[in-house]
Amino acid sequence: THVTVVNTLDPKSGSIRVHCKSKDDDLGYHTLAVNQDFHFEFCVKPFSTLFTCDIWWDKWVASFQAYNAKWLFVPCGGGNNCVYE
């Protein structure tokens, strides 16, 4: 499974900071300029794999589940290619 996080903010908005992790893997912090992306891939362990991401921009913070093997409906283009903009 592939996950991609893309900074699609207005060019005047500047960069974002992204941190994604699972219980077993901390993928570190990444600073993305406009139109840059951070991506990672992994093998899914049924009912176990969970990746969360935090995004910081200016004074705003957003957190989300990038992939959860417990999802009943996988909103990732067929389940193996998740893109977040």
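Phe42 counts as buried, at 12% relative accessibility, where buried means under 20% relative accessible area, exposed over 50% and partly exposed in between, with a 1.4 Å probe and protein chains only. This is a predicted model, in which local features need pLDDT of at least 70 and side-chain atom pairs count only at pLDDT 80 or more, while totals for chains, interfaces and linings use all residues. Residues are numbered from 1 along each chain as its sequence is written, and side-chain values use heavy atoms, with hydrogens and water left out.

## Aromatic residues

Phe51 is also buried, with a relative accessible area of 4%. A search of the whole structure finds 8 aromatic pairs. Rings of Phe, Tyr and Trp (its six-membered ring) pair if their centres lie within 6.5 Å; planes under 30 degrees apart count as stacked, over 60 as edge-to-face and the rest as tilted. The rings of Phe42 and Phe51 have centres 4.6 Å apart and planes at 35°, so this pair is tilted. Phe64 and Tyr84 form another tilted pair, with 4.8 Å from centre to centre and 45° between the planes. This second pair links distant parts of the chain, since Phe64 is in strand E6 and Tyr84 in strand E7, 20 residues apart. Strands (E, at least two residues) and helices (H or I, at least four) are DSSP runs numbered from the N terminus. One aromatic cluster is formed by Phe38, Phe40, Phe42, Phe51, Tyr67 and Trp71.

## Nonpolar core

A nonpolar core is a set of buried Ala, Val, Leu, Ile, Met, Phe, Trp, Tyr and Cys residues joined through side-chain atoms within 4.5 Å. In soluble globular proteins, nonpolar side chains tend to be buried together. The largest core here has 18 residues, of which Val3, Val18 and Phe40 touch the most other members. At least two residues of this core come from each of strands E1 (2-6), E2 (16-21), E4 (37-41), E5 (50-57), E6 (60-68) and E7 (81-84). Apart from its neighbours within four places in sequence, Phe40 is in contact with Thr1, His2, Val3, Cys20, Leu27 and Phe51, contact meaning heavy atoms within 4.5 Å.

## Strand pairing

Two strands pair if DSSP finds at least two bridges between them. An open sheet is formed by 4 strands in the order E3-E2-E5-E6, with antiparallel pairing. Its edge strands are E3 (26-32) and E6, each of which pairs on one side only. Neighbouring strands of this sheet are turned by 15° against each other on average, direction ignored; the axes are lines fitted to C-alpha atoms, for helices over the stretch in contact, and angles run from 0 to 180 degrees between N-to-C directions.

| Strand pair | Bridges | Direction |
|---|---|---|
| E2 and E3 | 5 bridges | antiparallel |
| E2 and E5 | 5 bridges | antiparallel |
| E5 and E6 | 8 bridges | antiparallel |
| E1 and E4 | 5 bridges | antiparallel |
| E1 and E7 | 4 bridges | parallel |

Lys21 stands opposite Asp26 in E3, and the bridge partner of Lys21 in E5 is Thr52. Thr52 in turn stands opposite Gln65 in E6. Further along the pairing with E6, Ile55 has Ala62 as its bridge partner.

Strand E1 is mostly covered, with 4 of its 5 residues buried. Val5 stands opposite Phe38 in E4, whereas His2 stands opposite Asn81 in E7.

## Hairpins and loops

E2 and E3 form a hairpin with 4 residues between them. The hairpin of E5 and E6 has 2 residues between the strands, and Asp58 takes a positive phi near 55° there.

Positive phi also occurs in two loop residues. Asn35 is found in the loop between E3 and E4 and has a positive phi of about 75° although it is not a glycine. At 62% relative accessibility, Asn35 counts as exposed. Phe47 lies in the loop between E4 and E5, and its phi is near 60°, a positive value in a residue other than glycine. Phe47 counts as exposed at 66% relative accessibility, whereas Phe51 is buried at 4%.
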